[in-house]
Amino acid sequence: MVGRDGERVASSSLKAITEYLGVDLGDKHHTADADAEAAAMVMENLIAGAIEKGWSAGAIDRETRTEFVEKRRKDFEDKVSKFEEEKEQYLKQVAEQGGSDSLSSGRNASDKKIYKYGQKSDDGKELRKTQSDWLKGLSSKQIANLVVPESENQHMNMLLDDYLPNGDNEAAGFVEALKKNLLERLGKSPWSRGDYSPEAIERMREVVEASLNSSPKLKWAFENFGAPSFVMMTKAGADAYENQPHVRAKKEQLMSARSMKNEPFVMALQMADMDLIVFNRKQVVDQLTNDPDFEKSPLVSDANHTVRPGRANIDVSSSATLSHEYGHWLHMKAMRESERTGSSVTGARFGREQITESRMPRVVSVAEKYNSKDMDEMMGNAYRSSIPMDRTPGIPRTLTSYAHTNGREMLAEGLSAFFHPSENVQKNAINETLRRDILELLGLEPDDAPWEK
Ligand SMILES: [Zn+2]
């Protein structure tokens, strides 16, 4: 959509967004404008790409977003009953059609049965990323098999389910436009392209399964909030990432700051717009680490692990890296919720069952609080001045240095400590302020332990 000043402006109208994506839907968009949820999800992607597309920073700053959220909430409330009605109709229609890729198979029912993405589980649930609790009731192995796609095409289908959970078969052109946009993004960031060799898939599944087995809390989170796709980066992708000038500069800075002999590498990345976490082969296959004090990066964290103050990270294991990146993913998922619908929408997607309507505004506000990519002066000063972390009430802290980089890293490191199998780490590596915010993000009271059930 072209604004009054002749610039393209963000719009929540599906038609406008589709025009922005460069595809004409013809007359197929007629019901789509009313579908606030589908439109807002595309919006999330546009916001994720806003900087790259050269939009002004105003398009993504907090005030603009708050206005957007307010407007969205009102629009949504106006449309919610209509939407619910349409959704019912749509689901009925899908049920009648039997779902196009559901390969239901009632044979060999057992806990260990491995499902493929899109199949129906034995209790008749379609295993697709259309609700945040789509992994509920599954074993670690079953989850690992579902969240590690076997091909880019499968990843793309999962992504479309994530963005368009209600289908949208009427607007086929729209799905194509979104798919084209996402493929272009993959092309621009080769580090988000997966290595789909059998070895890479097997290794990634092993990492996910072992991480979930090591932490009942993490497994509980996967079952209640869902999970992104996990892939291993290709070598070319990892090289391309690390050869970007800003990454090179950061690496050199790190090497001198920590007097490292070997070049540091990116262990893993979370990409909210791709609903994806990618791991570097150097960590999950070669077991290298950026911490000169550790010889190798183990698959899972030790249940007796302790964190010495001043370390860079909570832990160097693949499972700790996974829970850190998963922490970023949870955070961005909550942010997407605030972009999509405002706080009144009761966590229809973020922690659908776990987050009640009354808790949703707190979830969004914690997500907003930590949504900073800039150095946080207060956190940084508190860390540098070596004030013990229990003496800085109101300032989120960890024992480690990396968390103090910015709000996003603080929350991710905090969640990595929260999900860590070691009780010592859970209790002592983060302060009360950070712990309270994490509990609120996850819709928990201090004494809740639903993972123990
Ligand atoms: Zn991080």
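The model is predicted: local features need pLDDT of at least 70, side-chain atom pairs count only at pLDDT 80 or more, and totals for chains, interfaces and linings use all residues. Residues are numbered from 1 along each chain as its sequence is written.

- Leaving aside residues up to four places away in sequence, V208 touches I143, A144, V147, V148 and F230; contact is C-beta atoms, placed from the backbone, within 7 Å.

**Strands**
- Helices (H or I, at least four residues) and strands (E, at least two) are DSSP runs, numbered from the N terminus.
- Strand β4 (residues 276–279) is covered on both faces, with L276 and V278 buried on one side and I277 and F279 on the other; buried means 20 or more other C-beta atoms, placed from the backbone, within 10 Å of the residue's own.
- Pairing requires at least two DSSP bridges; β2 (residues 229–233) pairs with β4 in the parallel sense over four bridges, and M232 is bridged to F279.
- β3 (residues 268–271) pairs with β4 in the antiparallel sense over four bridges, and A268 is bridged to F279.
- Four residues separate β3 and β4 in their hairpin, and D275 in the turn has a positive phi of about 45°.

**Helix α8**
- Helix α8 (residues 216–225) is largely enclosed by the rest of the structure, because eight of its 10 residues are buried.
- Among them are K219, W220 and E223.

Conventions:
Contact = placed C-beta atoms within 7 Å. Buried ≥ 20, exposed ≤ 12 C-beta atoms within 10 Å, placed from the backbone.
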